[in-house]
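Here are my notes on this model, point by point. Please read them with the structure open.

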Amino acid sequence: MGASSIDSKSALIAGGVGAVVTYYLSKRHFEKKIIQLRKEKYDRDQKERTAQNATRQNSGLPNGVKLEGFQSDNVYLQDLEHLGKYFASEGDGIDNVMVRANCEYNKLIGPQECILANIRRGPGDSTVTRAFVRAGPRKDLHFNPKTVNAAIVTCGGLCPGLNNVIREITRSLFYLYGIQGKCYGIVGGYGGFYDPKTPPIELTPDTVRHIHNKGGTMLGSSRGGFDIDKIVDFIKKKNIRQLYVIGGDGTHRGAFKIHETCMELGLHVAVAGIPKTIDNDVDYIDRSFGFITSVEQAQSAIHAAKTEAMCNLPNGIGIVKLMGRSSGYIAAHATLGSGDVDLCLVPEVPIVLDGEKGCLPHLWNRVKQKGYAVVVVAEGAGEELLGESTETDASGNKKLPMIGEFLKSEIGKYFKSKGEEATVKYIDPSYMIRSVPANATDSLYCMQLGQNAVHGKLYMSPEGIST
């Protein structure tokens, strides 16, 4: 090979290396330039945003970008029954201060302060929206705390947080408003107003001091027992001015009947209803108290079902039935919170057993894929398969079909039709998830519900309207 040939190859290699070096140097240069330009743009935007926010704040406007096409200029406040329309105020001239602390509230709620019901908005949406009265202490009182006698009753099924609500109503009456009358705890639901076997007990801050650490209700509860004449007799005899009713839809129908009867008889009585349902199926509220605790408690049952399904061969399947009469919130939230459930059945969605999208083929596939499966079913699911019952309980709730046992049987039959056995374990923890103490999240919520119920029953707005 000649010298000229070697020199040519060397020149070629050198040229190639030079080109590569030049490419990477150029690339780094442009990358740094891009980073520099991006940083300069970011700094300009930050400076401009800071200036715009300062201008908005000086004009009393919030920070952010104004969206076009969004309006909400027709707000309709939910109508409430106001005792101030029919009865003279007994609290004129009494300042609303926290009695025990002997200090003013950080904020008193104004007469037209409200919470918008429809908070989601899109361009071109209706400008009309509903609103609800904002809860909290008001400036003027309707009742004179010195003459207030109150009563609290819990009805229907148990729910985590019942004791918390009882405790906070009692403490608010005595500590925030300093009532000098009595607070009666009605024992055993509506029947406790008149049943000599379950006389009312007197509630004080001392008697309710530790009840929030326990599940259930210190007053006891029951379904039925509603006798309007005997209940009103108790109200008149004890000179009750405020009645706090904690319960579900049937209980609140009774509370409304008490209110209507008191109005017919000219009795100056405020009736407050605190909604209670473990199923979280009350409209107008984001969640009901006790729901979060129940979902948390249901995790133990799901974990147990998974363990049973994994360890029991062949073809292990664990079924957990959770509460949920007409809605599947507990089942759905417990399923999502677990991450171990293969099939969730709720009353809102009809159950399809067979076919391409059937539950049974789906479970078969899941078992074949991973060796086991976990099912969560709400107690009210499957009426389209088993039919609706015509029987009702004392509260008027229809009795539910035995969906858990039905699923266990159908799963066994399906696997047999495939020539295999299924080991199905059925767990029904329904009462276990509702009889526990409220967790921290529900305890705080119950405190707010109890306090705001008392605020709502004692105030009178500047226009002379009280609830």
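**Notes on the predicted model**

1. Val-20, Tyr-23 and Tyr-24 make a nonpolar surface patch of about 340 Å². Patch residues have over 30% relative accessible area and no salt bridge, with nonpolar side chains joined within 5 Å. Tyr-24 sits in helix H1, residues 3-58. Tyr-24 is partly exposed at 49% relative accessibility (buried is under 20%, exposed over 50%, partly exposed in between; 1.4 Å probe, protein chains only).

2. This is a predicted model: local features need pLDDT of at least 70, side-chain atom pairs pLDDT 80 or more, while totals for chains, interfaces and linings use all residues. Residues are numbered from 1 along each chain as its sequence is written, and side-chain values use heavy atoms, without hydrogens or water.

3. The whole structure holds 15 salt bridges (a side-chain nitrogen of Lys or Arg within 4 Å of a carboxyl oxygen of Asp or Glu). In one of them, Asp-43 meets Lys-39 at 2.8 Å, N to O. The two are 4 residues apart in helix H1, so about one helical turn separates them. Asp-43 is partly exposed at 36%, and Lys-39 is partly exposed at 45%.

4. Lys-370 and Asp-342 also pair, at 2.7 Å, N to O. Lys-370 lies in helix H7 (residues 359-370) and Asp-342 in the loop between helix H6 (329-338) and strand E11 (343-345), so the bridge ties together parts 28 residues apart in sequence. Asp-342 is buried at 12%; Lys-370 is partly exposed at 31%.

Methods: Patch = residues over 30% accessible without salt bridge, like charges linked within 9 Å, V, L, I, M, F, W, Y side chains within 5 Å. Areas by Shrake-Rupley, 256 points an atom, 1.4 Å probe, with all protein chains shown as cover.
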